[in-house]
Amino acid sequence: MNMKFLQDLLSRAARRAREQTSIATYRRGGSGESPLTQLGAACHALMNSNGEASSILVAQQALERYAELSKDERVAFFTLLADQYAADPDAVHSAYEAYREDSGNANLQRLFAACEPARQNLLRRLNLSPGATIELVKMRADLLGLLKQHPELAPLDADFAHLFASWFNRGFLVLENIDWNTPAAVLEKVIQYEAVHEIHDWDDLRRRLGPQDRRCYAFFHPAAGDEPLIFVEVALCRGIPDNIQGILASSEALHPDEADTAVFYSISNCQRGLKGVSFGNFLIKQVVQELKRELPNLKEFVTLSPVPGFADWLETQCSEGQITLSEQTESALKEQGWNADEERRKALSAELMPLAARYFLEAKHRSGQPLDPVARFHLGNGASLHRLNWLGDTSAKGLRQAHGLMVNYRYQPDQIEQNHEAYSREGSVICASDIRRLASRQKSRRHERADA
């Protein structure tokens with residue numbers, strides 16, 4: 001994973017090129033032109049450069065100029081790439097006509113080459129600079145933040161996605177175990193990128209990485225240096241846990257040989273610019289194999305997962321008249337601290353748990369898959385929906401987004417592929433029978449109210 005030698009080699013080549021080549025146009029302040037103008041000129045020069053050393057230098061300076069752009073200038077730059085570095089329509093038509101006349105491999109390759117937008121080649125050339133890969137990932141993150149207001153830039157995003165799918169192929173990824181002895185530069189990024197359960201400080205991080213019953217695994221890419229792409233935090237337990245606070249606050253470490261369950265309680269994608277590039281399915285499956293090899297006593301592999309869309313879905317269903325909550329439940333959900341009242345907890349559980357089962361089995365995304373994004377991820381990876389956990393997360397975030405609900409998804413190595421195929425082919429939500437019974441109970445209540 002350490003690319004220091006290669007990076008040093010490329011840096012020396014860039015320094016030699018800088019000494020031998022006069023490209024004052026691209027130097028900051030060298031021409032008095034704006035960073036956007038210099039960036040446009042650098043891209044033009046890069047596309048017309050034949051020397052490897054000079055190309056490395058120009059690519060490096062282009063990325064430096066990009067880093068200086070304002071938001072409006074980034075829009076202008078992305079528009080330049082989308083418009084002026086698109087595929088040439090005349091070349092595409094000519095290549096297609098040639099292929100229609102003779103469908104041999106030579107004409108097919110010519111058609112492929114004509115259809116590829118020039119900006120893909122430009123991005124490849126920008127990637128010549130040391131450390132450029134992660135900078136291009138960050139560039140795409142900037143682009144993703146602009147797509148809603150500028151949908152015309154979507155073809156450029158498709159080019160990024162196409163290239164990243166190859167550059168970040170599973171074969172290039174390296175699985176690393178992160179622990180308290182991992183270099184601080186990486187540990188700081190774990191704190192920064194944790195997206196599910198915030199890590200408040202170094203002591204909090206140590207509680208997650210230091211004890212012998214905790215594990216953390218991450219995928220790295222050789223060209224991304226110390227930047228993790230995705231990581232998963234694991235707790236070793238006896239039995240399947242139903243509450244995240246117990247895991248996060250646990251101070252008594254369980255000896256790994258006494259554990260029978262591995263719980264994936266937080267999975268964080270670190271690079272927004274790699275949206276659409278799938279890592280999580282490979283990560284979980286490989287971690288399961290690593291844990292089975294290290295600890296053959298483990299029998300269960302489950303998640304303790306948030307339900308980020310449940311509260312919003314419930315509110316929408318109520319506002320549209322699809323669901324009618326009791327006055328007591330409506331009142332309780334509007335008040336803070338309802339979860340501290342045992343009677344309210346029981347009453348809300350009886351009313352909301354069947355609705356939660358219905359949410360997982362009936363609520364659909366526009367794609368036809370489950371509405372809940374975490375469910376789409378785990379079910380798509382071949383897990384089954386194992387258990388609904390009432391008040392599994394009593395943090396302010398957990399109460400706000402799911403009224404405290406959490407779920408366990410279960411990964412059974414001998415059924416992962418079968419579940420994945422059923423989900424991919426039929427959209428089947430593989431779940432425990434008691435969850436289906438809960439959903440049926442709520443459906444019966446709906447019919448009773450309708451009849452009344």
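**Charges and aromatic pairs in a predicted model**

Biologist: How many positive and negative side chains does the chain of this predicted model have, and how far apart are the centres of the two sets?

Modeller: The chain has 52 positive and 60 negative side chains. The centres of the two sets lie 1 Å apart.

Biologist: How many aromatic pairs are there?

Modeller: The count comes to 14 aromatic pairs. One of them is formed by Trp180 and Trp202.

Biologist: Why is the pair of Trp180 and Trp202 called edge-to-face?

Modeller: The ring centres of Trp180 and Trp202 are 6.2 Å apart and the planes stand at 75°.

Biologist: Why is Trp180 called partly exposed?

Modeller: Its relative accessible area is 25%. Buried means under 20% and exposed over 50%, so Trp180 falls in between. Trp202, at 36%, is also partly exposed.

Biologist: What makes the pair of Phe310 and Tyr359 edge-to-face?

Modeller: The centres of the two rings are 5.6 Å apart and the planes are at 65°, so the pair is edge-to-face by the over-60 cut-off. Phe310 is in helix α14 (residues 310–319) and Tyr359 in helix α16 (residues 342–362), so parts 49 residues apart in sequence are tied together.

Biologist: Are Phe310 and Tyr359 buried or exposed?

Modeller: Both are buried.

Terms used:
Residues are numbered from 1 along each chain as its sequence is written. This is a predicted model: local features need pLDDT of at least 70, side-chain atom pairs count only at pLDDT 80 or more; totals for chains, interfaces and linings use all residues. Side-chain values use heavy atoms; hydrogens and water are left out. Lys and Arg count as positive and Asp and Glu as negative; His and the chain ends are not counted. The place of a charge is taken as NZ of Lys, CZ of Arg, CG of Asp or CD of Glu. Rings of Phe, Tyr and Trp (its six-membered ring) pair if their centres lie within 6.5 Å; planes under 30 degrees apart count as stacked, over 60 as edge-to-face and the rest as tilted. Buried means under 20% relative accessible area, exposed over 50%, partly exposed in between (1.4 Å probe, protein chains only). Helices (H or I, at least four residues) and strands (E, at least two) are DSSP runs, numbered from the N terminus.
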